[in-house]
Amino acid sequence: MSVSPAGPASRCRVRPATRADAAALAEVAAATFVLACPPGMPPESVAAFVAENLTAERFAEYVEDAGRAVLVAEEDAGAGTRAVGDAMLVHGEPYDGHVR
């Protein structure tokens, strides 16, 4: 699967993710996470975060977690669809003091 931004003529849909989306979510998240990192972040730190938190196995856990809402954005691709974005909402108070 290739990950690319949706073009202006694209018809994108957003829906709740399921376990079946875990691999696609991991691929999109790994490709886009680096774009959200500060420019000076060491590449090994980015790789470690992706390896620990953005795997298909972790996304399978995230979509089953009642404390999270995981969404997938998808667009038509040939005979099927492809994931082009994701969002994860964590219910409750942030546990990280830096984001309070």
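This is a predicted model: local features need pLDDT of at least 70, side-chain atom pairs count only at pLDDT 80 or more; totals for chains, interfaces and linings use all residues.

Author: Happy to! Strands β1 and β2 run antiparallel and are joined by 5 bridges.

Now let's follow the chain along. Strand β2 covers residues 68–77 and β3 covers residues 80–90, and these two pair in the antiparallel sense over 10 bridges. Within this pairing, Asp76 has Thr81 in β3 as its bridge partner. The hairpin of β2 and β3 has 2 residues between the strands, and Gly78 there takes a positive phi near 65 degrees.

Put together, the 3 strands form an open sheet in the order β1-β2-β3, with antiparallel pairing. Because β1 (12–16) and β3 stand at the edges with a single partner strand each, one side of each is left without a neighbour in the sheet. On average, neighbouring strands of this sheet are turned by 25 degrees against each other, direction ignored.

The sheet also has helices to meet. Helix α1 packs on it, touching β2 and β3, and the direction of α1 makes about 70 degrees with that of β3. Then there is α3 (residues 56–64), where Phe59, Ala60, Tyr62 and Val63 are buried. Seen down the axis of α3, its buried residues fall within an arc of 160 degrees, so they line one face of the helix. Their cover includes β2 and β3 from the sheet, along with α1 (22–36) and α2 (43–53). On the other side of α3, Glu57 and Glu64 are exposed.

Technical notes
Residues are numbered from 1 along each chain as its sequence is written. Side-chain values use heavy atoms; hydrogens and water are left out. Two strands pair if DSSP finds at least two bridges between them. Helices (H or I, at least four residues) and strands (E, at least two) are DSSP runs, numbered from the N terminus. Buried means under 20% relative accessible area, exposed over 50%, partly exposed in between (1.4 Å probe, protein chains only). The arc is that of the directions from the helix axis to the C-beta atoms. Contact means heavy atoms within 4.5 Å. Axes are lines fitted to C-alpha atoms, for helices over the stretch in contact, and angles run from 0 to 180 degrees between N-to-C directions.
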